[in-house]
Amino acid sequence: MRTVDAAGLPIGDDHPPRIMGVLNVSSESPYKPSVFNSPSEAAAYVDEDLISEGADIVDVGLESANKKFEVLSAAEELDRLDTALETIESVSGDAVFSIETRYHEVAEAALKGGFDMVNDICGFADPKMPEICEDYDVAVAKMASPPDLERPGAVEDVDDIYDALELNGLTDKTIIDPAFGGWSEDKTIEDDRETFHRLREFRGYGQPMLVSINRKNFLRSVAGRDTEEALAVSLAATSMAVERGAHVIRTHDVAETRDAALIGHEFSRPRLHETVDGIAVEELDITTPREARRHFDRFDLVDETDNTADRAVTHVFKLSGVDTTIQNQLSEAAEPVGVDCVRRPSDRTMVLVGTKMGYTQLTERLSGVSSDISAILERIRKACC
């Protein structure tokens, strides 16, 4: 996993999760506590409510992501940039300042004026954006989005997020953002939930990951909360997102989100990452064959049959109420295919340890022997997918 340096702030696996607070200088933005058109008031908000509460990065938005509004042109964003530049000049606290835009002209003007990084909400739909970021040697968050500067970013199908993130490549300092929220009429709660379920897959890019889930509808709907009551669900999801590999959390609730992110980081499963006799050893964060395939794609390792990916993940299942006959049949069939069986006949308990490939082969070996065994193994095999 690459570590990205954002104006001296290291972002990656070897560092704590970073908190990105939000400031808006757009009157259309829905979260009014973060919206300002006075540079002095905005600077006070940044100092008192963002940096002092633990924000490592301050993301300044010039327009609303709300799909009800027309997308601003580059010229219209530049008209609003002066307020943002005056604001960051007046801030006394220490933070990395990120400009949220989709236009390379706006990004370059902001970087010249004192901003430290870019948050591209249109995912390099402007092909000059990565060039500008490389020229200024800055970190850039790249949000998955359709390749259209005039359409608010939204990618509905999770598999399409990969194509969106690969548009016009990645810089060495790119932080990927799979994109959550109602950026378009087509983006559904179910789309967001599937993206969150598969969040760990995006680590396959080998780049740090940004997640923006603060009080989003796909979380609120689980608990039946409105925006004002949704802090708790956001914090629960934040800990899960960090455990699944997120490195930057974008939020309006800085202090609380920082605490939740630190809990997720503290209780993430430790993985080997060190150099032994000059050889770097890294344990990949893989829990499913699909995640393994994403890493293999990154390494240009082609496996036409997917057998390698299927063997990459071990799954453990406990079976209770298994009589001796079935235990014997499972044990005899499991050994040749590499599935381990731990048996306790006294209370009819078994534990199976194996890979998707192993369970598939075990299912085939016992096909027709017992309908009960076949049904159980088929469920196990599907659970490994």
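Which strands does helix 13 lie across, and at about what angle does helix 13 run to strand 15? In this predicted model, helix 13 lies across strand 13 and strand 15, and its direction makes an angle of about 120° with that of strand 15.

Three strands form an open sheet in the order 13-15-14, and the pairing is antiparallel. Strand 13 (314-320) and strand 14 (340-344) sit at the edges; each has a single partner strand, so one side of each has no neighbour in the sheet. On average, neighbouring strands here are turned by 15° against each other, if you ignore direction. Now zoom in on one pair: strand 13 and strand 15 (residues 349-355) are joined in the antiparallel sense over 7 bridges. As one example, Thr314 has Thr355 of strand 15 as its bridge partner.

Back to the helix. Thr363 is found in helix 13, which covers residues 356-365. Is Thr363 buried or exposed? Its relative accessibility is 12%, and buried means under 20%, so Thr363 counts as buried. Leaving aside residues up to four places away in sequence, Thr363 touches Leu377, Glu378 and Arg381. Gly114, on the other hand, is 249 residues from Thr363 in sequence and 61 Å from it in space, C-alpha to C-alpha.

Definitions and conventions. Residues numbered from 1 in each chain as written. Predicted model: local features only at pLDDT ≥ 70, side-chain atom pairs only at ≥ 80, totals over all residues. Heavy atoms only, no water. Helix = DSSP H or I, 4+ residues; strand = E, 2+ residues; numbered from the N terminus. Buried < 20%, exposed > 50% of the residue type's maximum accessible area, 1.4 Å probe, protein only. Contact = heavy atoms within 4.5 Å. Pairing = 2+ DSSP bridges. Axes fitted to C-alpha atoms, helices over the stretch in contact; angles between N-to-C directions.
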